[in-house]
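Please read the points with the structure open.

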Amino acid sequence: MKAWDAIIIGGGHNGLVNACYLQRAGLDVLVVEKNDWVGGAATSRELTPGFLYSNCSYVCSLFRPEIMRDLELPRFGLQVISYEGGAVFTRDGDYLANYRDHDAHRREFARFSKRDAEAYDRYARDVTRQCRFIQPLLMRTAPDPTSLKPRDLGELLYLGKKFAGLSAEEMALTLRFWTMSISDFLDEYFETDVIKANFALSGIIGTALGPMSPGTAYVLLHHYMGEVDGSVGAWGYARGGMGAVTKALAASFKASGGTIRTGAEVDHVLVSRGKAKGVVLAGGEEIRGKLVVSNADVKRTFLKLVEEKELPDIFLRRVKNFKMRGSSGKVNIALDSLPEFPALPKDSPVYRGDMHFTDSVERMERAYDDWKAGRWSADPFLDMVIPTTLDPTMAPPGKHFMSCFVQYAPPKVSGREWTDADRDGFAESVIAQIAEYSPGFRDRIVHMEVRTPREIEAEVGLTEGNIFQGELTFDQLLFNRPVPGYAQYRSPVGGLYMCGSSTHPGGGVMGAPGRNAAAEILRDLAKSTSHMSPAHDVI
Amino acid sequence: MAQATRKRPVAKTEDAAVSARIAAQSHFRILRLGTPFQPRLDALAKTQDWYNWAGYRAPHSLWDEELEYFAIRSQAALFDISPMTKYRIEGPDAEAFLDRVTLRDVTKLRPGRVHYTAWCDDEGFVLDDGTLFRLSPTRFRLCSQERHLPWLLDSAIGFDVVVKEETEAVAGLALQGPTSFAVLRDAGFAGVEKLKIFDLADFPHDGGTVTISRTGFTGDLGYELFVPSAKALSLWDRLMTAGELRGIRAIGYTALNRARLEAGLIVANGDFTTAEHAIRADRLRRPDEIGLGFMIDPEKAHFNGRRAILQARARRKLRHVLVGLEVEGNIPAEHAIVYHKKHQEVGLVSAAMWSPMAKRNIAIASLARPYGDTVVEDLWVEIYAMRELQYQKLMKRAKVVARPFIKLDRRIANPPADF
């Protein structure tokens, strides 16, 4: 029986990044994917004729340019296009826009508060400083603080030096930034509700926390540290939807000789004498591999795919307690024409950006209250984009694809499983909100895909539908992600590695976990990593 | 059972403030605003050479950047300074507030006077420099490059003072050059001859008033005029008509920038990075590090950054120094690296030019102390001069010299000369 050099469980973006790097190092790599398509949470599927949806993730910023270059993704069709700002609609019939132009941005804020308009530069400076501190850590394995290995000591020293390089004021700011709530953080700069709401949204997206929960300031940073071609903090659309990312990765992988098997769900990892020997598919088929890499989240990997008896107690308990709570859903809509928003001038660039309807931090927090009570938010927070305003490939001319990221949606409704009726009620809360600001919106809908945490877990495999494979709070970052002592992509089972967003540096379509895991695997195999670019300098 | 969705109709309000806010939405259609003088500038803009000055469409040049410079030095040049950030600071505590915020002693600034000053954060790092106009015992105007409303408002807590941003409401013109006085006099501003350098006074104009100060950014005889935006065009026309026989010309920033460099004046975020924009912590500068140490008065009442500034002095923690350089030869050393003994990098030139007035190759540079401070010998600049797609690399000797690079008697002569 053939034994693959490496078997990757799950064809999400991190699994594919990992597979690409391993294959290019000369390994014979197999990716097994339960769905009939690859992509995980970065897919573009045509669910109604003529319309491509970005079914889960929908915008791109974090995906590391070093990986795009190493794996020749542009050659395999990946293009990321920056989009144009966005807006928060206000309940008084106005909106607050974000414009790319610095002065237009200031003038827009000045409509609401001259003071806040002039506070933006200091805010941007402080956030940029924090991003610059974190960016170089993304493409490095987090050090094990308990280890005396020269490499860990070196990495700890690197971290320590970076921290020691900060002024006393910056150190204080960094520690506060990593632990405080986004609401408290914004209070230090701004006084206007809608302006604070405009920034606070980046602190809660994908997180089962409210804007007033400690730890959400870091989540904002996580959304700011990406880039589009050197423009730090910018977000863009992947041309062809987010599936273009994984499509390019799959093509790159195959071009370098890799093998993908779709429709192949892994039932469990074969473990013998504490070592992974391969996987067993749902149908009973056994596939042997010298090592196994799981792109699935840490809970799915160790609570479903590996037998409990193979794992140490403390590890198992920590995996069980790892915070990975469903908090969001997705409504993808095919539209037969561009929706109109009477509050928004017809020639506004905001149509080509991200749109929101939650105009105060208080409303966000109230939406979170519903989640705590086990309900979806009656007044949800939406991150809504219409990629077809810039990407002609996703819908026929004049028709549009609209992506609505929706928060909050609990993993269970009042303690029980989601039902189809719940799902429809959830969708209605979204459509009703949009329709309030866009009369006639319902009549434009051609088709709709509604994904609650139930659908996301069932289709993508993310436990509870948590988009980051685990909360991005300080207690679950760096050498504590996902579990102390196992933050370097290895696991208690020999030859079984992790490469998903449950690992450092966390979620978002970044690719860094997959890449960093590949570097660790190749180190264990004493293979060269010369085909892997180091992180670009932050100067 | 499915949850009910709460209905929340969009409120339709008649609130005037909301209507005004909504009426202001359309600014996104014009990213570079025109100033109140834009119709006149547009009519004269033969080069159509614009740049972005704080969100305004401002001219690099209007007709010929070299000749525009000579208009400053030989006749009278009219330069639109409306995009400059302006704050009106008014109230019984205005003097005490500004004395607390800015470096120089505001209690010594009499009504009807202007001074050049700077202000720092609590760590003593420079937030900006600018000019402070004392319009009355309780009313001031602060002009600067960057924007500081949050800083000013937060600093005003505990003071009986009102701070208002008035950049758009107030139009500004600089009238600079040897015939500038004659132009103002001929325009009918009676008594303008009484203005000594850094004096200001109000004059009637078009049913309102224009504030004229004997100030400028050129090191030459010159004035600055501030007027409500609605009266801007009539002021422009009044000056241009009166100046016709005195060679008045409108100019762009390139010419003005040359004049200011000869005058040895620095530009925020050109010659130093302002504290609220410095992403890299080592780019922050204390006043003593950018040649503004003369503003610090340890005897005056407490001011923002005082402790840190005096501590840095006492502990000799000043890392940088801003100096004037005279560079051999005639090739401008713009953005050249400064070396000690031709090999040790010690600083950077932030602005440089061949000075027509001094007939010298001049530069402003920031150096790492002790270079430029106690070590001033054996300094060099490496000039990369691109000539027909090849760099001519020149290593030229640089001498630390005092600023200003030129001193013109007519700048301060009283009464001002009538050309």
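Predicted model: local features only at pLDDT ≥ 70, side-chain atom pairs only at ≥ 80, totals over all residues.

The numbered points below go from whole chain to contact, then to sheets and single residues.

1. Chain A has 17 helices and 22 strands. Its C-alpha trace spans about 65 × 55 × 45 Å along the principal axes. How does the radius of gyration of chain A agree with that of a compact globule? A compact globule of 539 residues would have a value near 24 Å, and chain A has 22 Å, which agrees.

2. Packing of chain A. Of its 539 residues, 56% count as buried. Contacts between residues at least 6 apart in sequence can also be sorted by separation: in chain A, 74% of them join residues at least 24 apart.

3. Domains of chain A. The domain assignment gives domain 1 as 3-44 + 60-80 + 239-322 + 470-524, domain 2 as 85-102 + 328-408 + 410-451, and domain 3 as 114-233. The centres of domain 1 and domain 2 of chain A, taken over C-alpha atoms, are separated by 31 Å.

4. Contact between the chains. Chain A gives 41 residues to the contact and chain B gives 31 residues. On the side of chain A that touches chain B, the elements giving two or more residues are helix H3 (102-112), helix H4 (114-138) and helix H14 (420-437) of chain A. Which element gives the largest share of that side? H4(A) does, with 10 residues. By class, this side of chain A has 23 charged, 12 nonpolar and 6 polar residues.

5. The open sheet in chain B. Six strands make up an open sheet in chain B, in the order E10-E11-E12-E9-E3-E13 and with mixed pairing. Why is one side of E10(B) and of E13(B) left without a neighbour in the sheet? Strand E10 (200-205) and strand E13 (248-250) of chain B stand at the edges and each has a single partner strand, so one side of each has no neighbour there. Neighbouring strands are turned against each other by 25 degrees on average, direction ignored.

6. Strands of a sheet pair through backbone hydrogen bonds, either parallel or antiparallel. Strand E3 (residues 76-80) of chain B pairs with E13(B) in the parallel sense, over 3 bridges. In this pair Leu78(B) stands opposite Ala250(B). Helix H3 (residues 65-74) of chain B lies across E3, strand E9 (170-176) and E13 of chain B, and runs at about 115 degrees to E3(B).

7. Strand E15 (residues 337-340) and strand E18 (residues 379-387) of chain B run antiparallel and are joined by 4 bridges; here Ile337(B) stands opposite Glu382(B). E18(B) also pairs in the antiparallel sense with strand E19 (residues 390-401) of chain B, over 9 bridges, and Val381(B) stands opposite Lys396(B). E18(B) and E19(B) form a hairpin with 2 residues between them, and Glu388(B) in the turn has a positive phi of about 45 degrees.

8. Gln488(A). This residue is in the loop between helix H16 (453-460) and strand E22 (496-498) of chain A. Is Gln488(A) buried or exposed? It is buried, because 24 other C-beta atoms lie within 10 Å and the cut-off for buried is 20 or more. Gln488(A) and Thr141(A) are 347 residues apart along the chain, yet their C-alpha atoms are separated by 6.1 Å. Leaving aside neighbours within four places in sequence, Gln488(A) is in contact with Thr141(A), Asp144(A) and Glu520(A).

9. Backbone points to check. Most residues other than glycine have a negative phi, and most peptide bonds are trans. The peptide bond from Gln407(A) to Tyr408(A) is cis, with omega near 10 degrees. Tyr408(A) is in the loop between strand E20 (400-407) and H14 of chain A. Ser414(A) is also placed in the loop between E20 and H14 of chain A; its phi is positive, about 45 degrees, although it is not a glycine. Ser414(A) counts as exposed, with 11 C-beta neighbours inside 10 Å. In chain B, the peptide bond from Asn414(B) to Pro415(B) is cis, with omega near -10 degrees.

Technical notes:
Residues numbered from 1 in each chain as written. Chains lettered and ligands numbered in written order. Pairing = 2+ DSSP bridges. Axes fitted to C-alpha atoms, helices over the stretch in contact; angles between N-to-C directions. Contact = placed C-beta atoms within 7 Å. Domains from an automatic or database assignment. Rg over C-alpha atoms; globule rule 2.2 N^0.38 Å. Buried ≥ 20, exposed ≤ 12 C-beta atoms within 10 Å, placed from the backbone. Nonpolar A, V, L, I, M, F, W, Y, C, P; charged D, E, K, R; others polar.
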